[in-house]
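Here is a short briefing to read with the model open beside you. We start with the overall layout and then walk through some helices and single residues.

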Amino acid sequence: MATAAAVIPPLNQRPVKNTIVLFDVDDTLTIPRNPASPEMLQLLSELRHRVAIGYVGGSDLSKQQEQLGTTDVDVRSMFDFCFPENGLSAYRMGEKLESASFIGWIGEEKYKALVKWILRYIADLDLPVMRGTFIEFRNGMINVSPVGRNATNPERLAFNAFDNEHHIREKMVTDIKAAFPDYGLTYSIGGQISFDVFPTGWDKTYCLRHVEAEKDRAGGVEYTTIHFFGDKAYEGGNDWEIYSDPRTVGHKVKNPQDTYQQIKELFF
Ligand SMILES: [Mg+2]
């Protein structure tokens, strides 16, 4: 794979050294499940010559590779920091950092009880269509989809419209909370078809510990300004915690075009 990083100045030699710009992925850099536009990728590349850049997304690396990378460009060479799964998995300049484990945190017994409950609940839902992969087990969380993650794009849109009307995900989250009140879990509805379940505190703010650790490296940089761009920057949205965190300067965007405009205005 090509390494775009080779021509990029090291982190401690960027013109605006103490600033890092972090982006949500879906609806911020790309339309969900779709590749980023060439214009967006070009702008990110130009931005990276001035400041450090990173993304923080809920999905795993393979999905971000599909959306942001290409067949011959590794997404890890395009950003200084890659934070799949909210930073529970993390890469710095293409190298893997320490990751967190959901199963290690929750334990097999509690996890099994939760999964059995969720699968039973989904089995009893009455949706227009159901596909497959109702629970996706990730490193630092599980992702639950009532319609199933194998749904096609038209099926996703149809579920999303149905969900907007019937609040399937919202009700399901309320019901899981009631069933497992002592689990210490946070539920985050994001994207079109699913919600994430993870230990409280393991939201997108999790990635900030990797950003803050940068200053402790040899020749490391202390990031005194951390910009964050995200579309779900409202209470209950999956960008809310990091957007409203006192450590970040939050920017709310409507869609990728809006992100593009705001980057242009702020940094160029
Ligand atoms: Mg988003």
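Domain bounds here come from an automatic or database domain assignment. That assignment gives the protein domain 1 (4-100 + 203-267) and domain 2 (102-199). Please keep in mind that this is a predicted model: local features need pLDDT of at least 70, side-chain atom pairs count only at pLDDT 80 or more, and totals for chains, interfaces and linings use all residues. Residues are numbered from 1 along each chain as its sequence is written.

**Overall build**

- The protein has nine helices and 11 strands; helices (H or I, at least four residues) and strands (E, at least two) are DSSP runs, numbered from the N terminus.
- Its radius of gyration is 19 Å, close to the 18 Å that the globule rule gives for 268 residues, so the protein is as compact as a globular protein of that length. The radius is taken over C-alpha atoms, and the globule rule is 2.2 Å times the number of residues to the power 0.38.
- The C-alpha trace spans about 55 × 35 × 35 Å along its principal axes.
- Of the 268 residues, 42% are buried. A residue is buried if 20 or more other C-beta atoms lie within 10 Å of its own, exposed if 12 or fewer, and partly exposed in between, with C-beta atoms placed from the backbone.
- Taking contacts between residues at least 6 apart in sequence, 64% join residues at least 24 apart. Two residues are in contact if their C-beta atoms, placed from the backbone, lie within 7 Å.

**The two domains**

- The centres of domain 1 and domain 2, taken over C-alpha atoms, are separated by 26 Å.
- Domain 1 brings 15 residues to the contact and domain 2 brings 12 residues.
- On the side of domain 1 that touches domain 2 there are three nonpolar, six polar and six charged residues. For these classes, Ala, Val, Leu, Ile, Met, Phe, Trp, Tyr, Cys and Pro count as nonpolar, Asp, Glu, Lys and Arg as charged, and the others, Gly among them, as polar.

**Helix α5 and the residue after it**

- Helix α5 (residues 153-166) has 14 residues and should span 20 Å at 1.5 Å a residue; its end C-alpha atoms are 20 Å apart, which agrees. The expected span is 1.5 Å times one less than the number of residues in the helix.
- Which residues of α5 are buried? They are Arg-156, Phe-159 and Asp-163.
- These three cover an arc of only 65° around the axis, which puts them on the same side of α5. The arc is that of the directions from the helix axis to the C-beta atoms.
- An α-helix has 3.6 residues a turn, so residues three or four places apart point the same way.
- The buried residues of α5 pack against α6 (168-179), while the face turned away from the buried side carries the exposed residues Pro-154, Ala-161, Asn-164 and Glu-165.
- His-167 follows α5 and lies in the loop between α5 and α6. With 13 C-beta neighbours inside 10 Å, His-167 counts as partly exposed.
- Phi of His-167 is near 55°, a positive value in a residue other than glycine.
- Most residues other than glycine have a negative phi.

- Met-40, Leu-44 and Arg-48 are the buried residues named in helix α1 (residues 38-48). They cover an arc of only 75° around the axis, which puts them on the same side of α1.
- The other side of α1 has the exposed residues Pro-38, Glu-39 and Gln-42.
- What do the buried residues of α1 pack against? Their partners are β2 (52-56) and α9 (256-267).
- Helix α2 (residues 61-68) has Leu-61, Gln-64, Gln-65, Gln-67 and Leu-68 buried, and its buried residues pack against β2.

- Met-93 sits in the loop between β4 (91-92) and β5, and its phi is positive, near 45°. Met-93 is partly exposed, with 15 other C-beta atoms within 10 Å.
- Lys-96 belongs to strand β5 (residues 95-96). Is Lys-96 buried or exposed? Lys-96 is exposed, with 12 other C-beta atoms within 10 Å.
- Lys-96 and Cys-82 are 14 residues apart in sequence and 9.3 Å apart in space, C-alpha to C-alpha.
- Asp-216 is in the loop between α7 (208-213) and β10 (225-230), and counts as exposed with 8 C-beta neighbours inside 10 Å.
- From Asp-216 to Gly-148 there are 68 residues in sequence and 42 Å in space, C-alpha to C-alpha.
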